[in-house]
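Let's take a friendly walk through this model, one region at a time. Have the sequence and the 3D view open as you read.

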Amino acid sequence: MSDVAQRPYRAGFGCFVGRPNAGKSTLTNAIVGTKIAITSNKPQTTRHIIRAVLHRPDSQLVLVDTPGLHRPRTLLGERLNDLVRETWSEVDVIGLCIPANEPIGRGDRFITGELASLRATVLAVVTKTDLVDKKRLAEQLLAVSEMGEFADVVPVSAVSGHQVDTLVDVMTGYLPESPQLYPDDMLTDDPEQVLVAELVREAALEGVRDELPHSIAVVVEEMIPEGNVTKIYADVYVERSSQKAIVIGHRGSRLKHVGTTARRQIEELLGTRVYLDLHVRVAKDWQRDPKQLRKLGF
Ligand SMILES: Nc1nc2c(ncn2[C@@H]2O[C@H](COP(=O)(O)OP(=O)(O)OP(=O)(O)O)[C@@H](O)[C@H]2O)c(=O)[nH]1
Ligand SMILES: [Mg+2]
């Protein structure tokens, strides 16, 4: 009998938490081996809760990608933090992500304190290990283990793949014995429309600065399959007309580039050819406006 047959089947939910930009979404994608969550070098990229399922012969780990916890400055920020806390109370295992290449900060200590009262098993994950040398990594591992009570401290690099499997083994070990939660071939239960909107937003974030990344929201209005082409109509929202001009660019050059980049990614996701129609619209100060937030799906 194989080893696998003797082990109990485990299934449950896990999530990565941590400050914005810590590498949570990149790690989630690396674990499931498919790009499900969007990532960028701007803080506060993730805004939607995305579930990604890792299937193994003896386990199913459902990773819930959440926004980075931060000090909210807008109604959107408050809503996102609420979503994060709600997720914490529902998962079995939590990986607190701390980048190897940045000093531990007040934000990390704050989050560690918040996690202490939860029923989930909490481990620390030192991310981006490819960016530091061995000495620095050893120092960071020590500093992290001194910061709080963690079930484990695991260093990992989502970019090089170093220790990704080890992290999965550790997390899976903390899942309850349970029947399978999702069908075999299911990678995510998020609607295609949401994933497509996120890919457009990821492309739109590239190369924009200051407050603009936070001001961009994307809504897919229609997706129409026609033979082997999917026609997609999406609105890109910004908060002010000056931002609209930046997103569109000189004679539409920026928007065109965003469309091309997003289309390639969407074609990969859907497995069809894609016709993508983007419109830029102004929704004044939507991050602070409850009505607009609802319209944009928050
Ligand atoms: N070198 C290196 N860079 C990484 C690694 N993981 C993530 N990054 C980079 O770090 C940046 C932030 O990554 P994200 O995965 O978007 O971070 P996040 O924690 O999901 O951020 P929010 O959604 O804003 O909370 C991106 O530019 C990634 O490419 C890693 O293992 N090594
Ligand atoms: Mg993210």
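Two strands count as paired here if DSSP finds at least two bridges between them. Keep in mind that the model is a predicted one. With that rule in hand, look for an open sheet of three strands, whose order is β7-β8-β9 and whose pairing is mixed. The edge positions belong to β7 (217–226) and β9 (273–282); each has a single partner strand, so one side of each is left without a neighbour in the sheet. On average, neighbouring strands of this sheet are turned by 15° against each other, direction ignored.

Now zoom in on one pairing. Strand β8 (residues 229–238) runs antiparallel to β7, and nine bridges join the two. As an example to find on screen, Glu-222 has Tyr-233 in β8 as its bridge partner.

Next come the helices that meet these strands. Helix α10 (residues 253–270) packs on the sheet and touches β7, β8 and β9, its direction making about 135° with that of β9. Helix α9 (residues 241–248), for its part, lies across β8 and β9 and runs at about 155° to β9.

Finally, turn to the metal. Which residues coordinate the magnesium ion (ligand 2)? They are Ser-25, through OG, and Thr-46, through OG1, at 2.0 to 2.1 Å. This pair links distant parts of the chain, 21 residues apart: Ser-25 sits in helix α2 (residues 24–32), while Thr-46 belongs to the loop between α2 and β2 (50–56). Are these two residues buried or exposed? Ser-25 is buried, because its relative accessible area of 8% falls under the 20% cut-off. Thr-46 is buried too, with a relative accessible area of 10%.

Key: Residues are numbered from 1 along each chain as its sequence is written. Chains are lettered from A and ligands numbered from 1 in the order in which they are written. This is a predicted model: local features need pLDDT of at least 70, side-chain atom pairs count only at pLDDT 80 or more; totals for chains, interfaces and linings use all residues. Side-chain values use heavy atoms; hydrogens and water are left out. Donors are N, O and S atoms within 2.8 Å of the metal (3.2 Å for Na, K and Ca); water is not among the atoms, so sites may look incomplete. Helices (H or I, at least four residues) and strands (E, at least two) are DSSP runs, numbered from the N terminus. Buried means under 20% relative accessible area, exposed over 50%, partly exposed in between (1.4 Å probe, protein chains only). Axes are lines fitted to C-alpha atoms, for helices over the stretch in contact, and angles run from 0 to 180 degrees between N-to-C directions. Contact means heavy atoms within 4.5 Å.
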